[in-house]
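Let's take a friendly look at how charged side chains pair up. Have the sequence and the 3D view ready as you read.

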Amino acid sequence: MKLTDTIKTKNGRFVVVDTCYTLDHGLETMVFTSDEQGNVTSWTDLDAETYSTPEEAEEGHRQMIEKWKEMEIDGKERI
């Protein structure tokens with residue numbers, strides 16, 4: 001499983017919401033700052049969630065997208 005979306009935040013900055021299977025955490029969604037094209041500008045994670053099933057991961061990915069559409073980031077990789 002691999003889901004990746006670039007999201008414009010409430011204050012016009014961009015983040016990548018990435019969901020995939022990782023060896024250390026299993027199914028996981030992480031959020032990173034990015035440019036408009038989805039190129040990650042900092043690998044410091046802004047948010048993360050783990051899941052037990054692919055269905056939970058897909059739903060969690062959608063929820064993370066909606067959450068970050070309403071978030072504001074200050075350009076210093078902090079919420």
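## What counts as a salt bridge

A salt bridge is a side-chain nitrogen of Lys or Arg within 4 Å of a carboxyl oxygen of Asp or Glu. A search of the whole structure turns up four of them.

This is a predicted model, where local features need pLDDT of at least 70 and side-chain atom pairs count only at pLDDT 80 or more, while totals for chains, interfaces and linings use all residues. Residues are numbered from 1 along each chain as its sequence is written, and side-chain values use heavy atoms, leaving out hydrogens and water.

## Strand to helix

Asp 47 and Lys 67 join their side chains in a salt bridge, 2.7 Å from N to O. This pair links distant parts of the chain, 20 residues apart: Asp 47 sits in strand β4 (residues 47-51) and Lys 67 in helix α1 (residues 54-69). Helices (H or I, at least four residues) and strands (E, at least two) are DSSP runs, numbered from the N terminus.

Buried means under 20% relative accessible area, exposed over 50%, and partly exposed in between (1.4 Å probe, protein chains only). Asp 47 is buried at 11%, whereas Lys 67 is partly exposed at 38%.

Lys 2 forms a salt bridge with Asp 18, with 2.5 Å between the closest N and O atoms. Here too distant parts of the chain are linked: Lys 2 belongs to strand β1 (residues 2-8) and Asp 18 to strand β2 (residues 14-22), 16 residues apart. Lys 2 is exposed at 55%, but Asp 18 is buried at 13%.

Which residue does Arg 62 form a salt bridge with? The partner is Glu 59, and their closest N and O atoms are 3.0 Å apart. Both lie in helix α1, three residues apart, about one turn of the helix.
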